[in-house]
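The model is shown below.

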Amino acid sequence: MFDPATTALLRAVLDEVCEEVSRTETGARTHVASKILEAATRGETSPVSLKQIGREALSEAPTMWR
C-alpha cells in the first residue's frame, strides 16, 4: 500500500499521461496504470521518471487501445 501522497502522485501522473486518452479506453489506461504501479512498487517516485514510464507504456499499448 502507498501513502496518500504517493497515491496522489501516481493518480496525477496517470491523468497527465492519459490526458489525450478517453476515460472509456479502459484497456489503455489500465496498461499505463499497471506500468506506473510496477515502477512505484520498485521504489520509483520521481514524477519525471514515472511520466516517462507511463508515456512509454502508452506508446507500447496496442493501437486498438489508443
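In this predicted model, the buried residues of helix H3 are Leu-50, Gly-54, Ala-57 and Leu-58. Viewed down the axis of H3, they fall within an arc of 100°, so they line one face of the helix. The general rule is that an α-helix has 3.6 residues a turn, so residues three or four places apart point the same way.

**Helix H3**
- The buried residues of H3 pack against H1 and H2.
- On the face turned away from the buried side, H3 carries the exposed residues Val-48 and Glu-60.
- H3 has 14 residues, which at 1.5 Å a residue should span 20 Å; the end C-alpha atoms are 20 Å apart, in agreement with that value.

**Nonpolar core**
- The largest nonpolar core holds 14 residues, and those touching the most other members are Val-17, Cys-18, Val-32, Ile-36, Leu-50 and Leu-58.
- Helices H1 (4-17), H2 (26-41) and H3 (47-60) are the elements that each give two or more residues to this core.
- H2 supplies the largest share of this core, 5 residues.
- Beyond its neighbours within four places in sequence, Val-32 is in contact with Leu-14, Val-17, Cys-18, Gly-54, Ala-57 and Leu-58.

**Arg-29**
- Arg-29 is located in helix H2.
- Its relative accessibility is 11%, under the 20% cut-off, so Arg-29 counts as buried.
- A polar contact of 3.4 Å joins the side chains of Arg-29 and Asp-15.

Technical notes. Residues are numbered from 1 along each chain as its sequence is written. This is a predicted model: local features need pLDDT of at least 70, side-chain atom pairs count only at pLDDT 80 or more; totals for chains, interfaces and linings use all residues. Side-chain values use heavy atoms; hydrogens and water are left out. A nonpolar core is a set of buried Ala, Val, Leu, Ile, Met, Phe, Trp, Tyr and Cys residues joined through side-chain atoms within 4.5 Å. Buried means under 20% relative accessible area, exposed over 50%, partly exposed in between (1.4 Å probe, protein chains only). Helices (H or I, at least four residues) and strands (E, at least two) are DSSP runs, numbered from the N terminus. Contact means heavy atoms within 4.5 Å. A polar contact is a pair of N or O atoms within 3.5 Å; within protein, one must be able to donate a hydrogen and the other to accept it, and residues adjacent in sequence count only if both atoms are side-chain atoms. The expected span of a helix is 1.5 Å times one less than its number of residues. The arc is that of the directions from the helix axis to the C-beta atoms.
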